[in-house]
Amino acid sequence: MTYDSDNIFAKILRGEIPSKKIFENEVALAFHDINPMAPVHVLVIPKGAYVSHDDFSANASQNEKSGFTEAVGEVAKITGLAQSAGGQGYRLITNSGPEANQEVPHYHVHVIGGRNLGVMVGKI
Ligand code: AMP
């Protein structure tokens, strides 16, 4: 899938649409999801143009990969979800492609928590 630079997260990165930022580093941006599924629901996105985890994994630089991973860890701490920050834990989700119901075609990781999140995924 080719990257569509008109997607909503690309617009957030360009400052064309506002977001509720909670963390930023050289390669990643984290902001609150507009439609939270739990008391804490934050999205972490790379600043580079990647569609999915497999695109990011195959094509991002080592600096982007390490900085992105660190950003996710920082968000888990900043939000107080991480057990290392006194919290009760969190779940990371990344949806890639149609069967995962990916809505926004810019790679992102959901950091979700603040309540018991139940089963990982519903069975058929
Ligand atoms: P996904 O289905 O994994 O692609 O998830 C996309 C997520 O982006 C959803 O949870 C939406 O609520 C969220 N979202 C869409 N537009 C915005 C926006 N402008 N600001 C913050 N989150 C958004």
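## The ligand and its pocket

In this predicted model, the ligand sits in the largest pocket. Two elements each give two or more residues to the shell around the ligand: helix H1 (8-13) and strand S2 (28-32). Of these, H1 gives the most, with 3 residues. In total, 16 residues surround the ligand, and the closest are Asp33, Asn95, Glu103, His108 and His110.

Let's start with Asp33, which is among the closest residues. An N or O atom in the Asp33 side chain is 2.5 Å from an oxygen atom of the ligand. At Ile34, a backbone N or O atom lies 3.1 Å from a nitrogen atom of the ligand, and at Val104 a polar backbone atom is 3.0 Å from a ligand oxygen. As for how much of the ligand is covered, it exposes 500 Å² when taken alone, and the protein buries 89% of that.

Now for the aromatics. Searching the whole structure turns up 5 aromatic pairs. Take Phe56 and Phe68: their rings form a tilted pair, 5.2 Å centre to centre with 55° between the planes. Phe56 belongs to helix H2 (residues 53-59) and Phe68 to helix H3 (residues 62-78), so this pair ties together parts that are 12 residues apart in sequence. Is Phe56 buried or exposed? With 4% relative accessibility, Phe56 counts as buried, because the cut-off for that is under 20%. Phe68 is buried as well, with a relative accessible area of 4%.

Phe68 also pairs with Tyr107, again in a tilted arrangement, with 5.1 Å between centres and 35° between planes. Here the link spans 39 residues in sequence, because Phe68 lies in helix H3 while Tyr107 is in the loop between strand S4 (90-93) and strand S5 (109-113). Tyr107 has a relative accessible area of 3%, so this residue is buried too.

The loop between S4 and S5 has one more residue to look at, Asn101. What is the phi of Asn101? Asn101 has a positive phi of about 60°, although this residue is not a glycine. Asn101 is exposed, with a relative accessible area of 57%, whereas Tyr107 is buried at 3%. Both residues sit in the loop between S4 and S5.

Conventions:
Residues are numbered from 1 along each chain as its sequence is written. This is a predicted model: local features need pLDDT of at least 70, side-chain atom pairs count only at pLDDT 80 or more; totals for chains, interfaces and linings use all residues. Side-chain values use heavy atoms; hydrogens and water are left out. Rings of Phe, Tyr and Trp (its six-membered ring) pair if their centres lie within 6.5 Å; planes under 30 degrees apart count as stacked, over 60 as edge-to-face and the rest as tilted. Helices (H or I, at least four residues) and strands (E, at least two) are DSSP runs, numbered from the N terminus. Buried means under 20% relative accessible area, exposed over 50%, partly exposed in between (1.4 Å probe, protein chains only). A residue is near a molecule or strand if one of its heavy atoms lies within 4 Å of it. A polar contact is a pair of N or O atoms within 3.5 Å; within protein, one must be able to donate a hydrogen and the other to accept it, and residues adjacent in sequence count only if both atoms are side-chain atoms. Accessible areas come from the Shrake-Rupley method with a 1.4 Å probe; for residues, only the protein chains shown count as cover. On a 1 Å grid over the protein atoms alone, a cavity is a set of points where a 1.4 Å probe fits but cannot get out, and a pocket is an open set with protein on both sides within 12 Å along at least five of seven lines; lining residues have an atom within 4 Å of a point. A molecule sits in a cavity or pocket if more than half of its atoms lie within 2 Å of its grid points.
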